[in-house]
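Let's take a friendly walk through a protein model, one piece at a time. Keep the picture in view as you read.

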Amino acid sequence: GFQHILFEARDGVARLTLNRPDALNSLTDAMHIELRAALDQVQADPAIRVLVLSGAGRGFCAGQDLADPGMQAVDGKLPDLGDIVERNYKPLVLRLQNLRVPTVAAVNGVAAGAGASLALACDLVVAAESASFLQAFSKIGLIPDTGATWALPQRVGMARAMGLALLADKLPAARAAEWGLIWACVADGEFRAHVDALAARLAAMPTKALVRTRLAMHTAASHTLEQQLTLEGGLMRELGWSADYAEGVAAFVEKRAPRFSGA
Ligand code: T3D
């Protein structure tokens, strides 16, 4: 079992909940170790078809635990934040980006610093109306990390990305959705049911196609059109041989609902 996160998998849906609510689920070394282990479990279990990432209590995640001794100079020895990125944040983002199932960030409350980046590393971000996104980094003399400098300009354009990152003002969920930073903002009272329905819907979809869609979307940023067309061809070839494609086409022709297996 885990101590700093909650993890359960049922009906094809894996739910991973950051569970240090008194510190707004800010991320410690111990949490990172558990996160990696939980994501490895998702990767290894073919029954899991979607991952929902969320936070316990009133926050989603307040980023790096700033109280961690490794974050400050100790006896004149300066901290190596690059080390923390390499050890914890880079592997976390890469695991999420390479996960064999689609990922949903269910942002129940404030997402600050690497907590905001973590949400943006998921395929779909759905936030409760009372939630907010905060690029807190400049307030303490850092840059947006955990992929935020990559994700922000892609999602909201350079002008808004710069404003958010330099000024570190809280962006309410509704405006985040308006700006295209996230997929949807949902009324607090409907949030839980909305996330459950979304997760169930994704869990019944052709998993491999969803994940290759993510891959192609992300690869596009560094590809020419021709490279991208070639990549699409390769992915289409691979999916054309998948069980879910056969089922999808058969169901269409037979005018019935498809039953996708994720294979
Ligand atoms: O080293 C590396 O390379 C690592 C990479 C770092 C990437 C980062 O994530 S850097 C950015 C780190 N995060 C922040 O700077 C955000 C810090 N938190 C805040 O600014 C505020 O807490 C929020 C705006 C997120 C929420 O404000 P509010 O007023 O709703 O709550 P609060 O009272 O500030 O926080 C509640 C408790 O959580 C409080 O503890 P207390 O006083 O009740 O005992 C607070 O200290 C604690 N907390 C919040 N964020 C963190 C935290 N404790 C440790 N680390 C935190 N990041």
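At roughly what angle do the axes of helix H1 and H2 cross? Before answering, a word on what you are looking at. This is a predicted model, in which local features need pLDDT of at least 70, side-chain atom pairs count only at pLDDT 80 or more, and totals for chains, interfaces and linings use all residues. Residues are numbered from 1 along each chain as its sequence is written. Helices (H or I, at least four residues) and strands (E, at least two) are DSSP runs, numbered from the N terminus.

Now the answer: the axes of H1 (residues 29-44) and H2 come within 10 Å and cross at roughly 25°. Because of that angle, H1 is roughly parallel to H2. Axes here are lines fitted to C-alpha atoms, for helices over the stretch in contact, and angles run from 0 to 180 degrees between N-to-C directions. Angles under 35 degrees count as roughly parallel, over 145 as roughly antiparallel, 65 to 115 as roughly perpendicular and the rest as oblique.

To see the contact (C-beta atoms, placed from the backbone, within 7 Å), find Asp29, His32, Leu35, Arg36 and Leu39 on H1, and Asn88, Pro91, Leu92 and Arg95 on H2. These residues divide into 4 nonpolar, 2 polar and 3 charged. In this count, Ala, Val, Leu, Ile, Met, Phe, Trp, Tyr, Cys and Pro are nonpolar, Asp, Glu, Lys and Arg are charged, and the others, Gly among them, are polar.

H1 also leads us to the strands, lying across E1, E2 and strand E3 (50-55) and running at about 10° to E1. These strands belong to an open sheet of 6 strands in the order E1-E2-E3-E5-E7-E10, with mixed pairing. E1 and strand E10 (184-186) stand at the edges with a single partner strand each, so one side of each has no neighbour in the sheet. Two strands pair if DSSP finds at least two bridges between them.

Strand E1 (residues 5-10) and strand E2 (residues 13-18) run antiparallel, joined by 6 bridges. They form a hairpin with 2 residues between them, and Asp11 in the turn has a positive phi of about 50°.

E4 and E6 run parallel, joined by 2 bridges, and Cys61 has Ala111 in E6 as its bridge partner.

What surrounds the ligand? Of the 24 residues around it, Ser26, Ala62, Gly63, Gly113 and Ala114 come nearest; a residue counts as near if its C-beta atom, placed from the backbone, lies within 6 Å. Helix H2 (81-97) and strand E6 (110-112) are the elements that give two or more residues to this shell. The largest share, 4 residues, comes from H2. By class, the shell has 18 nonpolar, 4 polar and 2 charged residues.

Finally, compare another helix pair. The axes of helix H8 (residues 207-219) and helix H9 (residues 225-240) come within 11 Å and cross at roughly 170°, which means that H8 is roughly antiparallel to H9.

Key. Contact = placed C-beta atoms within 7 Å.
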